Amino acid sequence: MKICVLVKSVPEAGVTKRINPSTGRLERGGETRDNPFDTHAIEAAMQLKEGGELQVDEIVAVTMGPEAAAKALRKAVSLGADRSIHLSDEALAGSDVNGTGYALARVLATESPDLVLLGQQSDDGECYTIGAVVADHLQMPSLTQVIKIDVEGGALRCERQAEYGYDTVSIPLPAVISVGDAINEPRYPSLKAIMGAKKKPLETKSAADAGIEADRVGYDHARAHCAEFAEPPAKAAGQIIEDEDTSETVEKIVAWLDERKLLA
Amino acid sequence: MSGILVYALHYEGAFNKNSLGAVSEGARLASELGTECHAIVVGEGVSDELAASLGAYGASKVYRVEGPEGLAQPVVDAMEAAIAAGGHGYALFGGGLLGFEIGAGLAARLDAGVCMEVTNVRVEGGKLVAERPILQDSQISSVHYRSDVGVIIGRLNAFEIKQTGGTATVEDLSVEFKAHSLQAKMLQRGEQRGADVNIEDADILVAGGRGLGNAESFQLLEDLAGALGGAVAATRAVVDAGWYSYSAQIGQTGKTVAPKLYLAAGISGAIQHKVGMQGSENIVAINKDANAPIFEFSDLGVVGKLEQIVPKLTEAVKARKGA
Ligand SMILES: Cc1cc2nc3c(=O)[nH]c(=O)nc-3n(C[C@H](O)[C@H](O)[C@H](O)COP(=O)(O)OP(=O)(O)OC[C@H]3O[C@@H](n4cnc5c(N)ncnc54)[C@H](O)[C@@H]3O)c2cc1C
Ligand SMILES: Nc1ncnc2c1ncn2[C@@H]1O[C@H](COP(=O)(O)O)[C@@H](O)[C@H]1O
């Protein structure tokens with residue numbers, strides 16, 4: 001069977017993220033890294049393969065994004081993916097959740113995966129929704145925020161925390177699962193794997209290659225159009241204590257609490 | 001008619017508070033738009049009484065659909081059918097988890113725009129505009145819909161519950177579920193992990209996150225909470241890891257609290273945690289990372305290692321109180 005893993009390249013944690021008000025798009029300058037939540041999805045794929053209860057023949061990493069996004073694919077491949085697909089096209093730039101999920105689903109459809117794994121959220125978009133969009137297009141059962149996957153009779157027994165506590169849900173394959181960060185501890189790529197990553201096949205696809213209808217993607221066709229970026233009401237900055245001498249620090253905290261009558 | 005359709009989540013005979021907030025918000029917006037607010041309930045044997053009770057929050061009609069509970073995909077089918085019948089212009093969800101899954105699935109189904117984590121909705125030129133904080137709440141963007149239906153997924157506690165005392169008619173809607181929508185099977189729902197602890201009544205909460213490093217370290221917080229006369233709370237990260245009880249979890253899929261003092265140790269301050277505690281009167285944070293987001297919304301931030309600070313703080317509080 002084949003597992004496809006969705007990975008995304010996002011701005012480096014230290015980079016100040018900002019929307020350019022004239023284009024309404026995230027400024028993508030500066031260093032990027034692979035979305036940390038996606039490494040859990042790759043690790044989950046590797047554990048399913050190594051677990052042996054499912055015969056996993058191939059793990060394919062898929063991303064949609066500009067040229068630089070290929071970096072996330074190299075990381076995925078160094079972590080164990082066998083090959084990767086890069087959907088890249090100027091026409092896709094500025095797509096909203098609806099457009100991105102549709103486009104990714106079109107690419108996935110060409111692969112007919114038995115399982116699609118993705119992260120619980122992208123570090124920059126923070127939409128938590130791509131999985132459910134992709135699943136609806138692919139007409140596959142789906143669950144998000146999954147923190148445990150066991151194989152049981154060829155189906156996946158998944159656990160996740162929802163509104164009222166932990167749910168355990170059985171999902172037959174093919175399926176789309178987004179994983180939470182508590183699901184595993186992602187491994188580090190070996191130096192050999194990093195070196196070898198460049199040799200594994202990487203296929204670049206245009207929107208047309210994937211059969212994507214041009215009027216469903218890109219900034220101009222976003223069904224949810226982001227405009228007017230405002231600053232939230234400023235909150236008075238709190239007091240900050242750097243802990244150098246802990247006895248002194250603690251004294252200051254106690255005084256602060258005392259002043260607010262919290263030690264009564 | 002471009003009415004508003006609100007999904008109302010229920011569990012063990014009661015509606016979710018965030019859903020009630022969403023119905024109230026839907027009713028407010030509908031009246032501003034000069035249209036109606038309808039609600040939809042999907043479940044097994046939902047009583048007339050339960051369904052009709054949404055009238056008190058402003059729904060004029062409640063669609064009742066017989067179907068599996070706790071899973072998103074059957075609800076997507078149900079809402080698609082309701083919108084086909086009622087011609088609604090917007091689908092609205094309160095904060096939580098299922099709203100993300102249902103709203104996103106519905107957006108895909110209807111080729112609709114979707115906006116999540118919405119903190120405010122305004123009417124502009126006869127249309128709804130959703131406001132959403134982005135990039136760790138550093139900016140607020142306004143989202144305009146360019147589709148027949150606009151999907152609005154609220155942030156936890158964003159919509160206020162208001163009883164208007166109206167009544168609703170209950171209409172049974174039979175839905176032909178898609179094959180893939182019925183494939184996932186709920187084996188167990190709402191499992192409570194860990195001891196049942198009461199944090200809602202506490203005036204003082206000492207909350208711990210992944211920075212504690214392990215379950216044993218929660219003893220440090222138990223001691224401090226004991227000295228302060230409060231209770232211990234936790235983040236999802238540590239609850240998922242099995243370090244602390246689910247019943248003590250604060251945030252999006254946990255509890256919402258507003259104590260006099262919220263002291264957070266080893267917590268980064270993710271949005272999903274913040275939404276459950278930002279109403280606290282005084283927020284103190286101890287975190288070794290000076291750039292942790294929690295310092296953006298704490299009143300007193302202490303940059304340092306909790307294992308060094310917390311035990312000494314416990315002693316100091318005891319000494320002060322003993323005096
Ligand atoms: C749909 C959804 C729902 C969610 N629901 C919830 C929810 O209900 N509640 C919730 O809490 N989260 C929820 N989350 C998860 C949330 O996004 C965060 O992942 C989580 O809150 C992080 O928990 P944390 O702060 O304990 O861990 P981390 O983010 O890992 O932060 C740990 C912090 O500890 C600090 N630290 C480490 N060591 C030390 C030390 N020795 N001394 C001092 N500081 C130290 C680090 O600097 C870091 O800032 C949800 C997420 C999603 C997507
Ligand atoms: N452009 C993209 N390319 C590939 N995968 C993506 C892309 N955007 C989002 N994803 C996947 O969807 C997950 C959830 O993202 P989001 O819904 O944006 O928070 C991420 O963790 C990724 O696995």
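## Strand pairing across the chains

Two strands are taken to pair if DSSP finds at least two bridges between them. In this predicted model, strand S11 (residues 165-171) of chain A and strand S13 (residues 185-191) of chain B are joined by four bridges and run antiparallel. Within this arrangement, A:Tyr166 stands opposite B:Glu191 in S13(B).

## Extent of the interface

The contact draws on 78 residues from chain A and 84 residues from chain B, and between them the two chains bury about 7200 Å², of which 54% is on carbon and sulfur atoms. On the side of chain B, the residues that lose the most area to chain A are B:Leu135, B:Arg146 and B:Leu300, which together make up 9% of what that side buries.

## Polar and charged contacts

Between chain B and chain A, 41 residue pairs are in polar contact, counted where both residues are at pLDDT 80 or more. The side of chain B that touches chain A comprises 36 nonpolar, 27 polar and 21 charged residues.

Eight salt bridges are found across the interface of chain B and chain A; in a salt bridge between A:Asp136 and B:Arg109, the side chains meet at 2.8 Å, N to O.

## Surroundings of ligand 1

Ligand 1 lies between chains A and B and is surrounded by 30 residues, the closest being B:Arg210, B:Thr235, B:Ser268, B:Gln272 and B:Asn287.

Oxygen atoms of ligand 1 take part in several polar approaches to chain B: an N or O atom in the side chain of B:Gln272 is 2.6 Å from one, a polar side-chain atom of B:Gln249 lies 2.8 Å from an oxygen atom of the ligand, and a polar backbone atom of B:Arg236 is 2.9 Å from a ligand oxygen.

Methods:
Residues numbered from 1 in each chain as written. Chains lettered and ligands numbered in written order. Predicted model: local features only at pLDDT ≥ 70, side-chain atom pairs only at ≥ 80, totals over all residues. Heavy atoms only, no water. Contact = heavy atoms within 4.5 Å. Buried area = accessible area lost by both parts, 1.4 Å probe. Salt bridge = Lys/Arg side-chain N within 4 Å of Asp/Glu carboxyl O. Polar contact = N/O pair within 3.5 Å; in protein donor to acceptor, adjacent residues only side chain to side chain. Nonpolar A, V, L, I, M, F, W, Y, C, P; charged D, E, K, R; others polar. Helix = DSSP H or I, 4+ residues; strand = E, 2+ residues; numbered from the N terminus. Near = heavy atom within 4 Å.
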